[in-house]
Amino acid sequence: MTKLLLSAVIAIGVLVTSSFDFKKSPDTPAKKYTTEYVIVLIIDGPRFTETFGDTTYKYIPHLGNELKREGVLLSNFRNNGPTFTISGHTAIITGRYQRISNSGKKLPKYPSMFQYYLKEKNVPKSDAWVISSKGKLEVLGNTNYKKWWNVYKPCTYCGPNGNSSDYAGDQETFDKVKEVLSTDKPPHLMLVNLLAADAYAHSKEWEKYLSSIQKCDDYAFQLWNFIQSNNKLKNKTTLLITNDHGRHLDGHKDGYISHGDGCEGCRHISLLAMGPDFKKNVEYKTASEQLDISKTISEMLHFQMPTGKGRVLTELFQ
């Protein structure tokens, strides 16, 4: 009897409560940003000791001087997941760490920022691009996540002729980047991978590894100047320059030649962020990581990433 009485009271309470007209509090207005275009440039696999860890900036004179003055350097930036190429790139675009085959034979587990962006904005696939020197990074354009597989895929150009086979030279890749950005409707979201530093390190060619870092430094400088000379992109574009992973430190395993574990050399990378909404000539050593990139981009371009983690890098903003 007591249970029946209690059930009746609850039922009446629900009916009474449901009869009230509760007004939903207004959503917080979306913050307006000057940024309309975002480019993520990934310099594949240099060690922090050869980039911003060397304060003379011997191998990155443009990144360490002119470009650093244009933005914010996060010098305690980390890959806190598997420190391999595809895993690092996947973390950046999905906001989730995943141990995934590094051969390019398996798709990321979660949808990417490209897919969420294309769906929510209802724009053509040409408004988002993945351009990579490594053919295996073709997998970044898709996911095996239920209901997202093979839909809302960005345009991709990965490897020679853009057909996901083998590797292309970084110059060829960079030429493709400029070609795509020079169109009447440049993409609002783009990721670029340059492979040479990683490739020469794996080949045990120390001098070419170093010269490749210098060349990537020059590509980054060229890209920023190209953006500033383009009337559509100038003062509307955010450029994020980072890495997918580092490399073993000297004295650990085979040193600079390899990567892939949780050592400091493999985890410690950097992020240099430049754009009209960011501070200039500032360095922060607060902890931040790869998962924060897509979260920050989704904030700036106003789209949701429900499966992504990480945080908005508020320290970047003016």
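**View 1. Helices α5 and α7 run roughly parallel to each other.** Angles under 35 degrees count as roughly parallel, and here the two axes cross at roughly 10° and come within 12 Å. Each axis is a line fitted to C-alpha atoms over the stretch in contact, with angles running from 0 to 180 degrees between N-to-C directions. Helices are DSSP runs (H or I, at least four residues), strands are runs of E with at least two, and both are numbered from the N terminus. This is a predicted model, in which local features need pLDDT of at least 70, side-chain atom pairs count only at pLDDT 80 or more, and totals for chains, interfaces and linings use all residues. Residues are numbered from 1 along each chain as its sequence is written, and side-chain values use heavy atoms, with hydrogens and water left out.

**View 2. Here α5 meets α7.** Contact means heavy atoms within 4.5 Å. From α5 come Asp170, Gln171, Phe174, Val177, Lys178 and Leu181, and from α7 come Lys215, Cys216, Tyr219, Gln222, Leu223 and Phe226. The contact residues divide into seven nonpolar, two polar and three charged.

**View 3. Asn161 sits in the loop between β4 (155-158) and α5 (170-181).** Its phi is near 65°, a positive value in a residue other than glycine. Most residues other than glycine have a negative phi. Asn161 has a relative accessible area of 65%, so Asn161 is exposed (over 50%; buried is under 20%, partly exposed in between, with a 1.4 Å probe and protein chains only).

**View 4. Asn235 lies in the loop between α7 (206-229) and β6 (237-242).** Phi is positive for Asn235 too, near 60°. Asn235 counts as partly exposed because its relative accessibility is 48%.

Conventions. Parallel < 35°, antiparallel > 145°, perpendicular 65-115°, else oblique. Nonpolar A, V, L, I, M, F, W, Y, C, P; charged D, E, K, R; others polar.
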